[in-house]
Structure formats: C-alpha cells, structure tokens
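Hi,

Here is the model I promised to send over. Have a look at it first, and then read on for what turned up.

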Amino acid sequence: MALVRLRGPLKKLAGERADHPLEGGTVVELLHELEQAHPAVGGWILDERGFIRRHINVFVNGDCGREDTPVSAEDQVDVLPAISGG
Amino acid sequence: MTELLVGTKKGLFVLDGQPDAEFEVQARAFAGEPVEYAMRDPRTGRLLAAVTSPFYGPKIWYADDPLGEWEQAGGVALPEAQDAALERIWVIVAGEGDGMLYAGGDPGVLFESRDGGATWELNRALWEHPTRPTWSPGGGGLCLHSIVPWPGDPDRLALGISAAGVWLTEDGGRTWRQGNRGLVARYLPEEAREGSASLCVHRLQRAPLRPERMFMQFHGGVYRSDDAGETWAEIGAGLPSDFGFPMVIDPADPDSAYVIPLTADTDRVTPGGRVGVYETRDAGESWTARGDGLPQEDAYLTILRHALDRRGEGPALELYFGTTTGEVFGSGDAGASWFTAATHLPPVYSVRSDVAG
C-alpha cells in the first residue's frame, strides 16, 4: 500500500493521524480512498470535479504529482498546502 | 450594546460597542482565513460564517459562541463529477420558514438549510435552469450575492446574481423566472442590450413594510421596483455617481434607501476623495449626502458589496460600513453623524449587525 501523509487541518480531519496506508493506482484513487475512510476530508483536497484544489500540492516520493500520477506500493504521497497567499 | 460581525481577508472579528464611540474587538475567529460573510441568525443567536480557504475551498461554519468550537456545515458543494466547482459563498440570509436559511454562492448557486444551518442542499431548479449556459460572470465571478425573502411568505424570494440579473420565485424555489425589465446594461453596446442576460446586479433590498417595493444598486445605475421585481425604474439622478456596491434600507420607511457611491467601474473608490453615504427618503426622487464625521479630504476608500449594514430603524437607525483599508465607520442617528468604530483591521469584506435572539 502507498502511504499518504497529511499535515495541519487535513491531519486533524483524518482522525488526527498523519500517515494513511491506502490502496490505489493513481493519486486521485488514493485521495478517494482517503475520503472514503475519513468523510470529513471530503471537499478539502479534491473539488467536486475530482480535481486537486489549485493551492494544494501533492508530491509522490518528493516529485510533484497530479491526479493521474501513477502510484504503487511503497510510494509516499505528501499532501500539503502550497506556499501561496497574500 | 451593538455587536458587529466583520468578515475580513484575515478572519472574522466580533466587535461591540455603543453607537457613538470606538468599538472593542471581543473575538477573532478563522485567523488568517478569508471570511467573506458572517451573520447571526436573529431567531436562534447562532453564528454562521462563509469562509473560503485559499487552500481547502469554500465552507460554511456555525457556532453559538465565536470563541468556541465552530462546526463545518454539511452539503455545501455542487453535484460531483460535473463541470463546475463551488468557488465561494457570498451571503447567508435567514428565511421565513422555521429554521430556514439560504446561502448564495459562485457559480450562481443557491443553497437551502432547514435545520438552522447545520446541513444544506443545493436548489436544483436554479442549478438546472435552462438559461444557465447563457449566464456570464462579473469581475467577481458568477456570484449570487443577494437573497431577499418576502416577510411572512416563505414561498416568495428574489435573488440578485452578478451578472445574471434578478430571479424570482413564488413557489418556494421550485421554479424561477427573471425580473429584469427596465434594467439598462450601459456597459454593453447599445445594440446588444435588448434581451441580454448579462445584467450585473450589485445589491438588492426589499422594504419590509411594502414588500413589493425593492431597491437595487446596479453596475451603473440605481433602481427601484414597485411590483416585486418585475420591472425597474432608474432613480440614480442626483448621486455623485450611480456606481457602487452596498445598499441598505430603513425598515420603518419604504421610501428609504442608502448607498455609498464609488467613482466608476474603472475607479472603484469614493469620488473626489470624499466619503459619502447617500440617503433617499422619497423613493429615489432625491438623494442627500449623509457624511458629517466621515473623511472628506484625500480619502479614496473602497466599500465592498456586503460591507454596509444597518441595525434598528427610524430615527434610531444605526448604520455601519467597513473599508478595504480596514476601517469601520458607524452612525447611531440614521446617517446624520458618523464616528470611527474601528481602525487597523484587515481589508473588510462584510459587516453585519444582527441582533442576537
């Protein structure tokens, strides 16, 4: 299983747990699995269209990923807010 | 004591004070987050806030105590796997039915809550309206920003959408029709105006003592309707500019309205560096500047759509407005004189002065 790592409010919404081992072949499949396991996360990372929100960054083993980025067991997927703001 | 809920670019500020002196900050919630709108349901005292995190998207939150735990409301989302995402919640309004609340958002959507704001449901009739593909957003998005109930009749409602005009229902939101006759979109070429759906309503208000009377601040033009929003007549003559965003009325006087003119759509600051709140007491026949105590020199302020509110009525009408430079001004005498209620806040998005239930 891939390991999805959360921080800040996302971690809090996901049962106060940072690390989530999840099944899925792409980033978006993992994120849907995360939403299934923790419905409170729904709408926070993915919007209604199934897109990762504009100012959320996803890294797969340290490389920038998108919805359709493939993932496999042993991969680490970090989800964190972008360094944007004003 | 008057309570002000001030939504800002960097959180919700709860202020209180007397309407003649500086207010105190009693609470701050959602630190660092844009709070576009916050209101207190006058029937229950419950606070509701529309917060659009730049990271995590728009949400509605509710609490009984601003310093306590805020709960995220459920159902504030568009149908999944379609072509649109909810961008922002612009306004939350108490309805006429028990526990009924409405929320308006971008892209031109209406949500309804029947449990005081804990859960919400998209109004499908407006979402699936056959004209929706012709709706166009204004500069701030396709924003449903004005929700105007009819006192005592939960079935009748008017909506203002920028830039998709006025929408009316008489069956509790099961069907919707436009109410745009008389509006003139001066920002379109003359030959494109007739029948255009690109109508940039900025704010709608209804006179509760004569509910068929409505007032509108338009994108260039101030209007009045005497037939519940079916037809509109321009009443902006006499104002230094008929461009602006916020508008309130004195609920005790169906002939009253207040606006804060800005120079023009290309220069959205107070005209001539003078801050003026303008009042009509004759349904728009004439306008009077009500600016005693407001900055009158080199004051180029911007007051956003929901940054003006009122409390009370008649001679004791209180008025409050906030600026994008973080000031809040107030009047305890229907605009005759003004005081500075707050300074040094973040840019003000909204001001509400609901009375707790």
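Predicted model: local features only at pLDDT ≥ 70, side-chain atom pairs only at ≥ 80, totals over all residues.

Chain B has an open sheet of four strands, in the order E20-E21-E22-E23 and with antiparallel pairing. (Strands, E, of at least two residues and helices, H or I, of at least four are DSSP runs, numbered from the N terminus; two strands pair if DSSP finds at least two bridges between them.) Strand E20 (243-248) and strand E23 (288-289) of chain B sit at the edges, each pairing on one side only.

Residues are numbered from 1 along each chain as its sequence is written, and chains are lettered from A and ligands numbered from 1 in the order in which they are written.

Another stretch of chain B to look at is strand E5 (residues 47-53), where six of the seven residues are buried. (Buried is 20 or more other C-beta atoms within 10 Å of a residue's own, exposed is 12 or fewer, and partly exposed is in between, with C-beta atoms placed from the backbone.) E5(B) pairs in the antiparallel sense with strand E4 (residues 35-40) of chain B over five bridges, and Met39(B) has Leu48(B) as its bridge partner. Six residues lie between E4(B) and E5(B) in their hairpin, and Gly45(B) in that turn has a positive phi of about 85°. E5(B) also pairs with strand E6 (residues 57-63) of chain B, again antiparallel, over seven bridges; the hairpin joining E5(B) to E6(B) goes through three residues.

What about the cores? The largest nonpolar core has 102 residues, and Ala49(B), Ile60(B) and Val328(B) have the most contacts inside it. A second, separate core of 22 residues includes Ala2(A), Trp44(A), Val58(A) and Val71(A). (A nonpolar core is a set of buried Ala, Val, Leu, Ile, Met, Phe, Trp, Tyr and Cys residues joined through C-beta atoms within 7 Å.)

On to chain A, which has two helices and five strands, running β-α-β-α-β-β-β from the N terminus on. Its helix H2 (residues 27-37) has Val27(A), Val28(A), Leu30(A), Leu31(A) and Leu34(A) buried. Those buried residues fall within an arc of 155° seen down the axis of H2(A), so they line one face of the helix; the arc is that of the directions from the helix axis to the C-beta atoms. They pack against strands E1 (2-5), E2 (19-22), E3 (56-60), E4 (63-65) and E5 (76-81) of chain A. Overall, buried residues make up 29% of the 86 residues in chain A.

Finally, where the chains meet, 13 residues of chain B are in contact with 13 residues of chain A.

Cheers

Key: Contact = placed C-beta atoms within 7 Å.
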